[in-house]
Amino acid sequence: MAKVENISFAENFPISYIELEKEAEKKMGAGGFGYVQSGAGGEETLRKNTESFAKYSIVPRMLRNVSVPDTSVTLFGKTYPYPIFLAPIGMQRLEHEEGEIASSRAAAVYHVPFIQSTVSSYSIEEIAAATGSSPKWFQLYWSNHEETAFNMMRRAEEAGYEAIVLTVDTVMMGWREADLRNNFSPLKLGYGKANYESDPVFMSSLKDGDVVRGILDNIHHPTLSWEHVARLKEKTNLPILLKGILHPEDAKLAVEKGIDGIIVSNHGGRQLDGVTAAIDALGPIAKAVNGLIPVLFDSGIRRGSDAVKALALGADAVCLGRPFVYGLAIGGQTGVEKVLANFIEETKVSLSLAGVSSLKEITSLQLIR
Ligand code: FNR
């Protein structure tokens with residue numbers, strides 16, 4: 001780390017998101033880069049996700065002794081040093097041979113919780129072995145073969161994962177034009193098999209032993225409903241969060257149905273193009289939830305001041321997505337560590353300059369539209 005006055009930053013490494021994306025593109029094939037970078041449809045939502053942050057202006061407070069900002073956050077009885085998670089991103093061997101092993105170890109360095117995707121390139125048990133007791137959550141894609149979903153959740157629980165994130169906005173794949181143009185599917189190429197191949201329940205459900213075919217047959221589940229969520233809840237003692245909530249009424253339903261938390265997200269603009277920017281959905285949802293359950297946020301977080309805005313609008317924590325994936329492509333574990341180091345530092349500096357000495361008072365930070 002280098003230092004300029006009070007700022008520590010990762011040297012010889014892209015500073016801004018634009019530079020990160022450019023460097024990552026040089027390292028990745030066209031198919032892989034298109035898969036990560038692009039959004040659905042005409043990419044209206046992808047653009048809005050980042051541009052909409054500019055609609056919210058921070059009105060900072062002065063003279064508040066911000067020398068040591070308290071950035072810690074407590075969720076489901078566990079305290080983390082920063083309100084920052086790594087978002088679940090599938091198939092990370094697409095970016096780097098060490099995939100999720102590298103990114104989860106980088107997260108562990110900063111005690112940042114790592115959310116592992118169902119469609120990972122390394123299994124639940126491999127990630128657990130690579131990261132020991134550092135915090136991990138498991139993101140679940142429902143499976144048409146229901147026992148597979150339950151079994152993966154059980155495996156995560158046994159491996160010490162602390163929560164289950166059920167993604168609800170992918171009942172089918174979005175219309176992703178870059179992937180259609182490139183005829184590119186990392187699932188088909190076998191990048192997301194690890195958790196399935198290592199699951200005896202899934203393997204015994206296959207008729208012909210073709211794992212990739214089996215995943216493709218199981219992963220999209222248009223009939224997914226609140227009844228499935230209720231069944232899932234019965235099967236675990238871990239907190240369950242729903243990822244992909246954008247409507248305040250769905251957030252209220254989640255509270256009514258005893259769900260433990262939600263993640264406001266539009267999947268980084270990769271599912272339905274034309275949906276609201278995630279940051280615009282956050283305020284009304286936080287109001288509807290009224291502190292009853294934790295609200296996390298992703299889709300468009302690129303820098304520390306974005307995190308401050310999301311937290312001020314009512315998020316308990318934010319998840320970093322594409323930025324860390326680009327760090328992984330550029331430099332494996334070290335690349336993700338550098339992205340995290342810069343992001344954490346910028347978040348701290350932004351909180352201090354906004355006059356926030358503790359996250360406990362962040363919702364009193366004024367934003368004007
Ligand atoms: C994702 N996302 C995702 N979400 C999920 O629940 N399970 C998954 O396997 C994946 N896989 C995935 C792959 C890639 C390449 C991307 C970019 C995204 C969505 C992810 O968790 C998060 O919602 C978005 O990345 C947030 O948008 P930004 O901030 O990255 O633009």
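Author: Among the 23 residues around the ligand, those that come nearest are Gly-90, Ser-117, Gly-268, Gly-321 and Arg-322; a residue is near a molecule if its C-beta atom, placed from the backbone, lies within 6 Å of it. Two or more residues of this shell are given by each of α2 (30–37) and α15 (322–354), where helices (H or I, at least four residues) and strands (E, at least two) are DSSP runs, numbered from the N terminus. This is a predicted model, in which local features need pLDDT of at least 70, side-chain atom pairs count only at pLDDT 80 or more, and totals for chains, interfaces and linings use all residues. Residues are numbered from 1 along each chain as its sequence is written.

An unreviewed UniProt entry lists His-267 under "active site"; such annotations may be inferred rather than shown by experiment. His-267 is placed in the loop between β11 (261–264) and α13 (278–289). His-267 counts as buried because 24 other C-beta atoms lie within 10 Å, the cut-offs being 20 or more for buried, 12 or fewer for exposed, and partly exposed in between. Beyond its neighbours within four places in sequence, His-267 is in contact (C-beta atoms, placed from the backbone, within 7 Å) with Asp-169, Thr-170, Gly-244 and Ser-299.

Strand β10 (residues 240–245) has six of its six residues buried. β10 runs parallel to β9 (residues 164–167), joined by four bridges, and pairs with β11 in the parallel sense, also over four bridges; pairing requires at least two DSSP bridges between strands. Val-165 has Leu-241 as its bridge partner in β10, and Ile-245 has Val-264 in β11.

Key: Contact = placed C-beta atoms within 7 Å.
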